[in-house]
Amino acid sequence: MGKILVQKFGGTSVDRDAHRRMAARKVIAAREAGFEPVVVVSAIGRAGAPYATDTLVQELKKIDPTTPPPPREMDMMMACGEIISTAVMAVTLQSMGCPAIALSGGQAGIITDGVYGNARILSIHPHSILKALERGQTPVVCGFQGVTTITEESEHGSITTLGRGGSDTTASALGAALNACAVEIYTDVDGVKTADPDMVPDARTLKECTYAEIAEMAHLGAKIVHPRAAEIAMDYGIPLWVKSTFSDHPGTRIVGDAEVSEETRKRITGISHTGKLAFIRLEIENEAHKPIVQQEVYRLMARAGISIFLVSFSPTALSFAVSRDVYPIARDLLDGMVVPVATNPKSRPLSHFYIFKFSEGLDLAYRNQRPLLHSLEDFIEVVDVPGTAFEYGTLVSVVAGNHRQVPGVMLAIYETLTGAGIPIYQVADSEMSVSCLVPENEADRAVRLLHERFGLSGS
Amino acid sequence: MYAGAMNQKTAINHVLFERERGVYAVEVTPDVAHIAVHVRAEQGRTEDILRVFRTLASASIPIFLIKLHRAAVSFALNAQQLPEAERCLQAAQFAYSVRPDLAVVSVIASSMRDLTGVMVTIADALQEAKTLMYGVGDAHNSVQCLIDGERVEAAVSSLKQTFALEEAAHG
């Protein structure tokens, strides 16, 4: 058996006959070069296209707009997009003289857990794929889907979908299961760019990247390889390539840290942006009580299923960001919330009530609750916790593998953005990146300025 | 191209592919210090913060866990660089406060920002271990907590128990 090469084609690579034929030529070229391609395809086209995943989902949603469809049936419906695409691609390959066979996720042996809509791959039993290769056929496998195996919790053979980036995940996981020599992710751009080319037209295509860089960029908003796919490739040491279906550009090679040059390890990789965020700040004046009060805030958000991030606390304030779509829920939960605090639980059960108050007009619950506490004020101190929010933020991030060892990265970012009059509300940094919360309407300018500041433009 | 693939196995692999959902590791970075530098609260705040960053950059001191506050900017740094950082900040006439002998305990998860309740679980676990959190940072794959160096063992043990992690943390 020859060298197995997994080739994944995204929605825009299979959305029309001409594009599918260009994709098919990449597959045929790989066969002619001595590889045994295993093809993974996404659904045909993006939102609005007749067989795109979003279109199919709408068919179920419009049956009863007041009730969300059950996740099991939703997954069954969503999986149809890839099934259609796979059959079409297999027949396209056949019509061009390339023997091919279409396989659903289940037929390809992809076994997942039973979490509909966001399943994880547990194992792959690629008998059908290997048999097809032995017969000289190119397997064309549905991305984004798998099936459950029988457990106490799940029925056997239920169709599941893998959630965001599912087709990339399928490609990487198949690469690992088949011990492929590489996984190629085909898209409509030449490779991994230093920034979103729609924002920065002269963004450069990177020749090589590390898995960690790619995972970081993807998590921070770059629309390249999905981080789950990058993590699998990293864990199994499979080289990933990001290439264009529509050009012969060599693309971007994604490998482990040890395989890239010292220069790559030290560089600023790129600028990305993500998220529609609201930033909440709460003033908790009593430093001693603050840990108790802030813990109750975390608990409240957790109970409501709201993720918080960009968490920061000073001696007298707590601030954090939430996704903007849940901000009204977060604000309404906090407004009027009362946290009882006992200074000395043994001698005096309660000493303070902290009550949260947002600014005028957003404090309906506070205005109802606060008078109820008046009668207690002879015995217990009632303290207002003023809350403010900035509703229109987004994260702009500089991805840089070793910024924690390099002095001046934060200075360069801060100088560039504030120098251009772009306020920075908060900062978050990881091993691989520095992110700034800035006004959403400044995101484009912030990305362009940072891209220029770090000298990322050019060929 | 793809030179490393010549000896590939064609045997069928049965593999657990994806990383665990939720928290899967706790890591420790020892020997960290934390500095909060006071800046003007309103007019001049941006210039002050810029001056802080410039002072540290010109002394070649890398910083992390950077947080902007109303009247301060705080950050962590390698403890070995604390004397030099203090010397520079004093020379630039900044008022600041220092917490030496700290460590960063990082709770690692796949897609941290899709998870809810991690922060309160961490806070509860650290409270259980009688460990104060002096600062916190978060990224897509981690929450980093700044704690007393001498509380690391108790904190890690409590976090591992809370998140049902079996393997020892590593730094």
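This note walks through the predicted model of chains A and B, point by point.

1. **Ground rules.** This is a predicted model, in which local features need pLDDT of at least 70 and side-chain atom pairs count only at pLDDT 80 or more, while totals for chains, interfaces and linings use all residues. Residues are numbered from 1 along each chain as its sequence is written, and chains are lettered from A and ligands numbered from 1 in the order in which they are written.

2. **Chain A at a glance.** Chain A holds 13 helices and 20 strands. Both kinds of element are DSSP runs, numbered from the N terminus: helices are H or I with at least four residues, strands are E with at least two. The C-alpha trace of chain A spans about 90 × 55 × 40 Å along its principal axes. Of its 459 residues, 50% count as buried. Buried means that 20 or more other C-beta atoms lie within 10 Å of the residue's own; exposed means 12 or fewer, and partly exposed is in between, with C-beta atoms placed from the backbone.

3. **Contacts along chain A.** Take the contacts in chain A with a separation of 6 or more: residues 24 or more positions apart account for 70% of them. Two residues are in contact if their C-beta atoms, placed from the backbone, lie within 7 Å.

4. **Two domains.** Chain A is divided into domain 1 (3-265) and domain 2 (267-453). These bounds come from an automatic or database domain assignment. The C-alpha centres of the two domains of chain A lie 37 Å apart.

5. **Where the domains touch.** In chain A, 18 residues of domain 1 are in contact with 19 residues of domain 2. On the domain 1 side, β10 (208-210), α6 (211-219) and α8 (262-266) of chain A each supply at least two residues. Which element gives the most to that side? Helix α6(A) does, with four residues. By class, the domain 1 side has nine nonpolar, four polar and five charged residues. Here Ala, Val, Leu, Ile, Met, Phe, Trp, Tyr, Cys and Pro count as nonpolar, Asp, Glu, Lys and Arg as charged, and the others, Gly among them, as polar.

6. **A covered strand in chain A.** Strand β17 (residues 352-358) of chain A is mostly covered, with five of its seven residues buried. Strand β16 (residues 338-341) of chain A pairs with β17(A) in the antiparallel sense, over four bridges. Two strands pair if DSSP finds at least two bridges between them. A:V339 stands opposite A:Y354 in β17(A). Strand β17(A) is also joined to strand β18 (residues 381-400) of chain A by seven bridges, and these two run parallel. There, A:I355 has A:D384 in β18(A) as its bridge partner.

7. **Chain B at a glance.** Chain B has four helices and six strands. From the N terminus on, its elements run β-α-β-β-α-β-α-β-β-α. Of the 171 residues in chain B, 40% are buried. Residues 24 or more positions apart make up 73% of the chain B contacts with a separation of 6 or more.

8. **The sheet of chain B.** Six strands of chain B form an open sheet in the order β2-β3-β1-β4-β6-β5, with antiparallel pairing. Why is one side of β2 (64-68) and of β5 (135-139) in chain B left without a neighbour in the sheet? Each stands at an edge and has a single partner strand, so one side has no neighbour. From one strand to the next, the twist averages 25°.

9. Strands β1(B) and β4(B) pair antiparallel over 12 bridges. B:V28 stands opposite B:V105 in β4(B). Next, seven bridges join β4(B) to β6(B), again antiparallel. The bridge partner of B:V105 in β6(B) is B:C145. Finally, β5(B) and strand β6 (residues 142-148) of chain B run antiparallel and are joined by five bridges. B:C145 in β6(B) is also the bridge partner of B:V136.

10. **Chain meets chain.** The contact takes 55 residues from chain A and 47 residues from chain B. On the chain A side, strand β14 (residues 309-314) of chain A gives the most, with six residues. The residues of that side divide into 32 nonpolar, 15 polar and eight charged.

Definitions and conventions:
Axes fitted to C-alpha atoms, helices over the stretch in contact; angles between N-to-C directions.
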